[in-house]
Amino acid sequence: MTSIKMRPGAPGAQILGLGAYRPRRRVTNDELAQTMDTNDEWIQTRVGIAERRWASEDETLVEMACAAGGKALAASGLGPDEVDLVILASASLRAPIPGIGPQVAHRLGIPRPGAFDLNAGCAGFCYALGMASDAIRSGDARNALVVGVERLTDVTDMTDRSTAVIFADGAGAAVLGAAQEPGVGPVAWGSDGDQYTAIEIAAGRSTMTMAGQAVYRWATTKLTETLTEAMDKAGVTAADIDVFAPHQANLRIIESMVKKLGFGEDTVVARDIVQSGNTSAASVPLALTALLESGEAKSGDLALVLGYGAGLTFAGQVLRLP
Amino acid sequence: MPSTADIQAGLGEILEEVAGVTPADATPEKSFTDDLDVDSLSMVEIATAVEDKFGVAIPDDELANIKTVGDAISFIEKNQ
């Protein structure tokens, strides 16, 4: 029998560089209150958002993904020809054929990589991170680019004040490479497909609906065990976590998770939702880059990340920040 | 089996903890949203706290029907 030869892998993968793109247009709660029945106090107390970024016409998914991906590449110190896998996470493509991963790779000058789109809702970036890390560990990829990009405003019903105040646009990216000392922990992922209607664009519709109470209950009761699983798998405890950067869905969900997990006093908690709203698959890398840029987080910090959303899907892991 | 008064007292404690409501204000005729200023997400937190304290399950569709403190008390009594 002829045996199938496998390529040598690596002990682990690490994030070499992060990048983000925030749309130019800043939209405050007061601006929203001019066109819908809402106000700053209502929005701040329920979801914790003060302002968000909305993409203009020219800030397409591809343009934003290229901007964030290009910055992550530059930060990694790698040339485009050293990347051989591109995973693009998004839930807001208006035309699903073709996926935009190959086009983004081409625009960045990455020659003929494995490239595809991944739709795991707001968990997409963390799913993609896990898959890219595994591809590097197995030897199927040397280096990988992971992008989370959304134009949620394209799929938001601007007359539905329960979602229109929440969803926003943006992109975040990470470049991963092989490492002797792992910088991306094992992924803790899963799904609760019985709640597939909780966040959806229903058949025949073009905008998203969300069962807010059901999602809030799920996020505040079921996901603590996922976060604990991600830390257990990586062999760390809450006391070891320097930075907690969960999906920026709702400030109250973030505070509830922080209360339950028992981090140390010095743990930095990402609250990028206050300035960025909920950007789905882009929220985790946007939050991480914001903390690194402000100096609240630093290179070498141990971060716990978690994505969760439509599906319902969830994925979390422990990371070493680049 | 706790008495109606016990349930009302237990519910009052939860309302104080979750939403800062003065327990004495949590009388059966009070509407959570209109009288006690409890928002929809705090209702979810109250529901999960009630589930833990009284050993009942409150599915999301049932939660939508619980409008007053009295509704919550009778739900707990019926399902305990």
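**View 1. Ser76(A) in helix α3 of chain A.** In this predicted model, Ser76(A) is found in helix α3 of chain A, a helix made of residues 61–76. Ser76(A) counts as buried because 23 C-beta neighbours lie inside 10 Å, and the cut-off for a buried residue is 20 or more. Although Ser76(A) and Gly17(A) are 59 residues apart along the chain, their C-alpha atoms are separated by 4.1 Å. When residues up to four places away in sequence are not counted, Ser76(A) touches Leu16(A), Gly17(A) and Val175(A).

**View 2. Arg46(A) and its contacts in chain B.** Arg46(A) belongs to helix α2 of chain A, which covers residues 40–46. With 21 C-beta neighbours inside 10 Å, Arg46(A) is counted as buried. Once its neighbours within four places in sequence are left aside, Arg46(A) is in contact with Asp39(B) and Leu41(B). Within chain A, the C-alpha atoms of Arg46(A) and Ile166(A) are separated by 10.0 Å, while the two residues are 120 residues apart along the chain.

**View 3. The contact between chain B and chain A.** Eight residues from chain B and eight residues from chain A take part in this contact. On the side of chain B that touches chain A, at least two residues each come from α2 (40–54) and α3 (60–63) of chain B, and α2(B) gives the most, with five residues. Sorted by class, the residues on this side of chain B are four nonpolar, two polar and two charged.

**View 4. Helices α1 and α4 of chain B.** Helix α1 (residues 4–19) and helix α4 (residues 69–79) of chain B have axes that come within 10 Å and cross at roughly 120°. Because of this angle, α1(B) is described as oblique to α4(B), and the crossing of α1(B) and α4(B) is right-handed. From α1(B), the contact is made by Thr4(B), Ile7(B), Gln8(B) and Leu11(B), and from α4(B) by Val69(B), Ala72(B), Ile73(B), Ile76(B) and Glu77(B). The contact of α1(B) with α4(B) therefore has, when each residue is placed in its class, six nonpolar, two polar and one charged residues.

**View 5. The buried side of helix α4 of chain B.** Which residues of α4(B) are buried? They are Val69(B), Ala72(B), Phe75(B) and Ile76(B). Around the axis these residues cover an arc of only 125°, so they lie on the same side of α4(B). In general, an α-helix has 3.6 residues a turn, so residues three or four places apart point the same way. The parts of chain B that cover the buried residues of α4(B) include α1, α2 and α3.

**View 6. Helices α1 and α2 of chain B.** The axes of α1(B) and α2(B) come within 10 Å and cross at roughly 140°, an angle that makes α1(B) oblique to α2(B). The crossing in which α1(B) passes α2(B) is right-handed. In α1(B), the residues that meet α2(B) are Gly10(B), Ile14(B), Leu15(B), Val18(B) and Ala19(B), and in α2(B) their partners are Ser42(B), Glu45(B), Ile46(B), Ala49(B), Val50(B), Lys53(B) and Phe54(B). By class, the residues of the contact of α1(B) with α2(B) are eight nonpolar, two polar and two charged.

**View 7. Two cis peptide bonds in loops of chain A.** The peptide bond that leads from Ile97(A) to Pro98(A) is cis, with omega near -5°, and Pro98(A) lies in the loop between β4 (85–89) and α4 (101–107) of chain A. Gly311(A) and Leu312(A) are also joined by a cis peptide bond, for which omega is about -10°. Leu312(A) sits in the loop between β13 (302–309) and β14 (313–320) of chain A.

View 8. Arg112(A) is a residue other than glycine, yet its phi has a positive value, near 50°. Arg112(A) is placed in the loop between α4 and β5 (114–118) of chain A, and it is exposed, with 10 other C-beta atoms within 10 Å. Ser280(A), which is not a glycine, has a positive phi of about 50° and lies in the loop between α10 (273–276) and α11 (283–294) of chain A. Is Ser280(A) buried or exposed? Ser280(A) counts as buried, because it has 34 C-beta neighbours inside 10 Å.

How values were computed: Residues are numbered from 1 along each chain as its sequence is written. Chains are lettered from A and ligands numbered from 1 in the order in which they are written. This is a predicted model: local features need pLDDT of at least 70, side-chain atom pairs count only at pLDDT 80 or more; totals for chains, interfaces and linings use all residues. Axes are lines fitted to C-alpha atoms, for helices over the stretch in contact, and angles run from 0 to 180 degrees between N-to-C directions. Helices (H or I, at least four residues) and strands (E, at least two) are DSSP runs, numbered from the N terminus. Angles under 35 degrees count as roughly parallel, over 145 as roughly antiparallel, 65 to 115 as roughly perpendicular and the rest as oblique. A crossing is left-handed if the near helix is turned anticlockwise from the far one by less than a right angle, and right-handed if clockwise. Two residues are in contact if their C-beta atoms, placed from the backbone, lie within 7 Å. A residue is buried if 20 or more other C-beta atoms lie within 10 Å of its own, exposed if 12 or fewer, and partly exposed in between; C-beta atoms are placed from the backbone. The arc is that of the directions from the helix axis to the C-beta atoms.
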